[in-house]
Amino acid sequence: MSINLDQAQQTFIVEARELLQAMEQSLLQLENEPDDQDAIGAIFRAAHTIKGSAGLFGLAPIVGFTHIVEDVLDRLRDGDIAVDADLIALLLKCGDHMLELIDVVASRGEALTPAALQRGEALREALGVYHPLHATTADAVTAKAADGESAEVLWHISLRFGADVYRNGMDPLSFLRYLQTLGQMVQVDTLTDSIPALENFDPESCYLGFEIDLRSTASHATLNEVFDFVRDECEVQITAVDEAPINPASTGTELVTQAEPTHRSTAPQRVATASEAKPRDGNYVRVNADKLDELINLVGELVIASAGASLLARSCNHDPLHEATSTVSGLVEEILDGALHLRMIPIGDTFNRFRRVVRDVSQELGKDIDLLISGAETELDKTVVEKIGDPLMHLLRNAMDHGIESAEARRAAGKSSKGHLSLNAYHDSGSIVIEIADDGAGLNRERILEKAQERGLVASGAVLSDQEIYNLIFEAGFSTAEAVTNLSGRGVGMDVVKRNITLLRGTVDLDSRPGQGTVVRIRLPLTLAIINGFLVGIDQATYVIPLDMVQECIELDEPQRDSSREQGYLDLRGEVLPLVHLRDHFNHEGPAARRQNVVVVRYAEHKAGLVVDDLLGEFQTVIKPLGKLFGALRGISGSTILGSGAVALILDVPALLNQLVQMEARTAQAPQSPLVVAR
Amino acid sequence: MSITHETTDDTARVGIEGELTIYTVAELAAALLPQVGAAARLELDLSQVTEMDGAGLQLLAVIEREAGINGTALSLTGQSQAVTQTLQLCRGAAL
């Protein structure tokens, strides 16, 4: 029992966090479009669901606080109060506080920090402004008479709990506790007379009943909702007591009729939300990420095994067998695609999280900044999504803090006073590209160069392209820049950003135009586990080139062979294509094969030709990381096992290309000379 | 959860330590209910109870009822905060 409850509570925590996230999104949406009824509805539903589930687990602090929030939201939904910036800011803070409360539950009952408690109190007070009951306790009667709808009613609630209430994980007392938060409990009678005689008494069955008199402003519907969770096994009767009215103007019967219409109007609404939520629940199954990894690992092994099987089948010259294995490998491929897809999630959630960051930071800095998000539906591996959050956050903060100028400076530069920040994601040759662009002042090329020379990162005579200079801010030594007017802080921690991205097998580069803004481009692999490979052979060895990077294959004929060997590049339809002779690169001995081929690869804007002996075709490749011993090896990113059982090395094309670019940079000093690396 | 138990003269003293909830009521009921009526006076010490719910409340109510039937004088010698709060919530329904 306790284990089940524990699991249920874990689910509650996860769901509550998601709901709070959704609530935050809707609040931000509401800030932009104050009339958006859907957003208000979504916020209300989120708060309501959290309150309901928290009540189920007897988490009184969450229920108590959320209830106050919900009251305000209810009034917002009814149009009693209007949306304004203050209210949104307050509700956002309330969301934060609810998250804090939930975190306390998640960390197993450690108490809130005094600071958090204080924040909670302050929020309660602030919410009171929007709450007629709390705001006007002093002259409650007159205020309520004017309000006409939140008058206190004495409710009589009669409860008879069913025998299985405890066994279903509920405690009748938690309903009482919850009712306490709704109003003043004038009278409680605990009924124990239905407890059977000792012989028949089962301590785990519930025989309790309560007669409660509650003085509350809550409507009949609100009270009724409290018992939604036990409706099946509990008799509930809620009636308004006809008592001498507090305010002579309003009689008891009037109060009842007042309560009724609200009841009727909320009921169909609730039905609508329930039907809305249902299909969504049906669409998703929560799966432990570890199980998914295990599955993908197994599928990887399956791919290898099936490749081995079809290789054997081919050597048997047995047609039916051949046919069967090819069907199997077709299916295996589909399973692989499906399994990999399970891990892919859209990056939109991560992006949307930044709306709040942008909002808060821009207020903090006193700048007016708009965040534009595009490509939110672009999917990438879950692990990558999780790990890219921090670097992105850093880049965004940097852009807001140092990239976008103050409103005055922007106006002086002839730009609109509102700064724009854009987050964009798209797929490009087997990787995902995330762009963070601002329309700020751009980087100061001279300052960076000066700084870099001072720090010894660049030889004083070296001539660098703008691009190279801008990318210097990702160097480790650069982050300690002293206060340099329009450069200050820029670059702080950028080396950390770069390191994190490199760890994900990604790259980052930066482009900037003075006065127009800066674009940071992050390029990441789609998945970390499996790639579509292109097999090439050199001597007896086999190498794998990620297929996404292969552009085309051409034969290298005799005359071209000699000239290209001397020059180190090839004329590809008028384009200069630098060549890497893999045979030399990996020190294969023996004479070159009679026929040679060039595989043209592209990564980012660099293109090169890899000279190999044989082209062996496509192959689904499960990446096996190399041991630590080979960690320092450049140009190889991993290994894989072929169907024959032989090991093939996977080429690290980005690293190879980079090596090439660096070599070029060393030999070609003149900035205007045509770049040998084709762009 | 543990139960301490001692009997002096005509008074049985029973102390409950730990939870007084649905998880422990079955065990507690088996141990406590036979005590009721065994001695002329029954003193319940609830000062070490860490948690109490409706099922616990119900058990106390049964003990009280049985004590009345058997003519045992029942008294509470101690109550923890958890007990006090629960009893307050339902206005000391039992005891």
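The UniProt annotation "modified residue: Phosphohistidine", from an unreviewed entry, covers A:H48; such annotations may be inferred rather than shown by experiment, and UniProt positions are given in the numbering used here, with feature names shortened. A:H48 lies in helix α2 (residues 37-56) of chain A. Helices (H or I, at least four residues) and strands (E, at least two) are DSSP runs, numbered from the N terminus. With 20 other C-beta atoms within 10 Å, A:H48 is buried. A residue is called buried if 20 or more other C-beta atoms lie within 10 Å of its own, exposed if 12 or fewer, and partly exposed in between, the C-beta atoms being placed from the backbone.

This is a predicted model, in which local features need pLDDT of at least 70 and side-chain atom pairs count only at pLDDT 80 or more, while totals for chains, interfaces and linings use all residues. Residues are numbered from 1 along each chain as its sequence is written, and chains are lettered from A and ligands numbered from 1 in the order in which they are written.

**Chain A as a whole**

The secondary structure of chain A comes to 21 helices and 21 strands. Of its 679 residues, 32% are buried. Helix α19 (residues 558-567) of chain A lies largely in the open, because one of its ten residues is buried. After α19(A) comes A:G568, whose phi is positive, near 80°.

**Two open sheets**

Strands of a sheet pair through backbone hydrogen bonds, either parallel or antiparallel. Here two strands count as paired if DSSP finds at least two bridges between them.

| Strand order (chain A) | Number of strands | Pairing |
|---|---|---|
| β2-β3-β1-β4 | four strands | antiparallel |
| β6-β8-β9-β11-β10 | five strands | mixed |

Strand β1 (residues 153-161) of chain A is joined to β4(A) in the antiparallel sense over seven bridges, and A:W155 stands opposite A:A240 in β4(A). Helix α8(A) packs on this sheet, touching β1, β2 and β3 (209-216) of chain A, and its direction makes about 10° with that of β3(A). Such angles run from 0 to 180 degrees between N-to-C directions, and the axes are lines fitted to C-alpha atoms, for helices over the stretch in contact.

Six bridges join β6(A) to strand β8 (residues 419-428) of chain A, and the two run parallel. The bridge partner of A:L371 in β8(A) is A:L421. Helix α14 (residues 382-403) of chain A lies across β6, β8, β9 (431-438) and β11 (517-525) of chain A, at about 20° to β9(A).

**The contact with chain B**

Two residues are in contact if their C-beta atoms, placed from the backbone, lie within 7 Å. By this criterion, 18 residues of chain A are in contact with 21 residues of chain B. On the chain A side, α8 (172-182) and β2 (183-191) each supply at least two residues, and α8(A) gives the most, with four residues.

**Confidence**

The mean pLDDT of chain A is 77, and 84% of its residues reach 70 or more; pLDDT is the predictor's confidence in each residue, from 0 to 100. Over residues 244-282 of chain A the pLDDT is below 50, and over residues 669-679 of chain A it stays under 50. Where pLDDT is low, the predicted coordinates should not be read in detail.
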